Amino acid sequence: MTRLHWVRHGPTHAKTMVGWSDLPADLSDSARLERLSRHLPDEAAVVSSDLMRAVQTADAIAGDRTQLAPDRDLREIHFGEWELQAFDGVPDKALLRSFWETPGDICPPGGESWNAFTARVNTAIDRLLKAHPGRDLIVVAHMGTILTQVQRALGISGYDAFAHKIDNLSVTELHCVAGNWDAVSINHCP
């Protein structure tokens, strides 16, 4: 069995759609980071997205744990032309609504669909599971990235996955046994 402890990076305080923009995390709440680090298994390896906010958070909670190289495939969804736009600033409201209400093959202009994003993250996780069989992993990533795996573990639609809240510095624990997934906890805030 592999236990994946998904951690959402520290807050960026952006009020826009942030995908591949490399914004820093606010890691000023040292007490919260300490509680988070203590909650996570000591023998787990730590891996993160390659974006600064995830790498910084991983570094802040790693302690003496083994850190794996950051993985580009664990990035947030690519919002293309919508990147750093507020929802009300996107000119094509119908496309924006469809993107969020029927996640699947609909893409933001120059961006990535939910299905392509999910396939990218699934491939990264499958690669990690193969490279580290039976080992606990702490994966520091992004809200959307975590939701792709909640969708996978629960066998639900992307739309239903969006109903789950994923707070900054929360832990979502998913287990994988012989390809079978189980969601143990979602959005736990230690």
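**Ground rules**

I am working with a predicted model, in which local features need pLDDT of at least 70 and side-chain atom pairs count only at pLDDT 80 or more, while totals for chains, interfaces and linings use all residues. I number residues from 1 along each chain as its sequence is written, and side-chain values use heavy atoms, with hydrogens and water left out.

**Entry 1: the whole chain**

I looked up the secondary structure and found 6 helices and 5 strands in the protein chain. For my own reference, helices (H or I, at least four residues) and strands (E, at least two) are DSSP runs, numbered from the N terminus. Their order along the sequence is β-α-β-α-α-α-β-α-α-β-β.

Next came the dimensions. The C-alpha trace spans about 50 × 40 × 25 Å along its principal axes. How does the radius of gyration of the protein chain fit a compact globule of 190 residues? It agrees, because such a globule would come out near 16 Å and the chain has 16 Å. That radius is taken over C-alpha atoms, and the globule rule is 2.2 Å times the number of residues to the power 0.38.

I also checked burial: 48% of the 190 residues count as buried. Buried means under 20% relative accessible area, exposed means over 50%, and partly exposed is in between (1.4 Å probe, protein chains only). The chain exposes about 8,700 Å², and carbon and sulfur atoms supply 51% of that. These areas come from the Shrake-Rupley method with a 1.4 Å probe; for residues, only the protein chains shown count as cover.

Then contacts, meaning heavy atoms within 4.5 Å. Among those with a separation of 6 or more, 71% join residues 24 or more positions apart.

**Entry 2: the largest pocket**

Rolling a probe the size of a water molecule over the atoms shows where empty space is left. On a 1 Å grid over the protein atoms alone, a cavity is a set of points where a 1.4 Å probe fits but cannot get out, and a pocket is an open set with protein on both sides within 12 Å along at least five of seven lines; lining residues have an atom within 4 Å of a point.

I noted a volume of about 560 Å³ for the largest pocket. Which residues lie nearest its centre? They are R8, T16, V18, E76 and M143, out of a lining of 25 residues. I sorted that lining into 14 nonpolar, 7 polar and 4 charged residues. Helix 3 (93-101), helix 4 (114-131) and helix 5 (143-154) each supply at least two lining residues, and helix 5 gives the most, with 3.

I stayed with helix 5 and picked T145. T145 is buried, at 0% relative accessible area. Leaving out residues up to four places away in sequence, T145 touches W6, L74, R75, E76, F117 and V121. R75 is 70 residues from T145 along the sequence, yet their C-alpha atoms are 6.8 Å apart.

**Entry 3: two strand valines**

V139 sits in strand 3 (residues 137-141) and is buried, with a relative accessible area of 0%. Beyond four places in sequence, V139 touches L4, H5, W6, V7, V47 and L74.

V46 is in strand 2 (residues 45-48) and counts as buried at 1%.

**Entry 4: a loop leucine**

L27 is in the loop between strand 1 (2-8) and helix 1 (30-39). Buried or partly exposed, I wondered about L27? It is partly exposed, at 25%. Outside four places in sequence, L27 touches G10, L33, Q56, T57 and A60.

Most residues other than glycine have a negative phi. L84 has a positive phi of about 65° without being a glycine, and N187 also has about 65°. L84 lies in the loop between helix 2 (52-62) and helix 3 and is partly exposed at 40%. N187 lies in strand 5 (residues 180-188) and counts as buried at 16%.

Conventions
Points joined across faces, edges and corners; volume = space filled by probe spheres on them. Nonpolar A, V, L, I, M, F, W, Y, C, P; charged D, E, K, R; others polar.
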